[in-house]
Amino acid sequence: MLVPIQIDLDDKTVEQLQAQLLAEIQEQRVRAVILDVRMVEVIDSYISYTLSETAAMAHLMGCRTVICGIQPPVALTLAQMGIELQGFLVARDLEHALALV
């Protein structure tokens, strides 16, 4: 399942995304999710935690999660804050993500 995120994420939105993704994984028996975040300009500590938590939950449901398209300013911010996106395979772009799944 490809999930292009084309809006800025906030706490409420990322929680809704988590609930919807997990429901879709269960209902559609999804084996892999690609989160395309190339349009996202800010990923803070709570959003990164929630996304990592979502990937861990998906893994427990038998689904791989790939995140792709992290922009340089977002990568810089995450690195400076010491935040690691755990539970994800990380791809530089959509083509790379598709190759991973």
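Throughout this section, a residue is called buried when its relative accessible area is under 20%, exposed when it is over 50%, and partly exposed in between, using a 1.4 Å probe and protein chains only. By this definition Cys68 is buried, at 1% relative accessibility. The structure is a predicted model, in which local features need a pLDDT of at least 70 and side-chain atom pairs count only at pLDDT 80 or more, while totals for chains, interfaces and linings use all residues. Residues are numbered from 1 along each chain as its sequence is written, and side-chain values use heavy atoms, with hydrogens and water left out.

With a disulfide taken as a pair of cysteine sulfur atoms within 2.5 Å, a search of the whole structure returns zero disulfides. Cys63 takes part in none, and the nearest cysteine sulfur to it, that of Cys68, is 14 Å away.

Helices (DSSP runs of H or I, at least four residues) and strands (runs of E, at least two) are numbered from the N terminus. Helix α2 covers residues 45-60. Its 16 residues reach 23 Å from the first C-alpha to the last, close to the expected 22 Å; the expected span is 1.5 Å times one less than the number of residues. At the start of α2, a side-chain oxygen of Asp44 comes to within 3.1 Å of the backbone nitrogen of Tyr46. This is a polar contact, meaning a pair of N or O atoms within 3.5 Å; within protein, one must be able to donate a hydrogen and the other to accept it, and residues adjacent in sequence count only if both atoms are side-chain atoms. After the helix comes Gly62, whose phi is positive, near 85°.

The buried residues of α2 are Ile47, Ser48, Thr50, Leu51, Ser52, Thr54, Ala55 and Ala58. An α-helix has 3.6 residues a turn, so residues three or four places apart point the same way. The buried residues of α2 pack against α1, β2, β3 (64-68) and α3 (72-81), where contact means heavy atoms within 4.5 Å. Ser48 is one of these buried residues, at 3% relative accessibility. A polar atom of the Ser48 side chain lies 2.9 Å from the backbone oxygen of Ser45. Leaving aside residues up to four places away in sequence, Ser48 touches Ile43, Leu78, Ile83 and Leu85.

The pairing of α1 with α2 can be described through their axes, which are lines fitted to C-alpha atoms over the stretch in contact, with angles running from 0 to 180 degrees between N-to-C directions. The two axes come within 10 Å and cross at roughly 10°. The helices α1 and α2 are therefore roughly parallel, since angles under 35 degrees count as such, those over 145 as roughly antiparallel, 65 to 115 as roughly perpendicular and the rest as oblique. On the α1 side, the residues that meet α2 include Val14, Gln18, Leu21 and Ile25, and their counterparts in α2 include Ile47, Thr50, Leu51 and Ala58. Gln18, in helix α1, is buried at 13% relative accessibility. Not counting residues up to four places away in sequence, Gln18 touches Thr50, Glu53, Thr54 and Met57.

Other sites complete the picture. Arg29 sits in the loop between α1 (11-28) and β2 (32-36) and has a positive phi of about 55° although it is not a glycine. Arg29 is exposed, with a relative accessible area of 70%. Pro4, in strand β1 (residues 2-4), is partly exposed at 43%. Pro4 and Arg38 are 34 residues apart in sequence and 8.3 Å apart in space, C-alpha to C-alpha. Finally, Gly87 belongs to the loop between α3 and β4 (89-91), and touches Ala55 and Thr65 once residues up to four places away in sequence are set aside.
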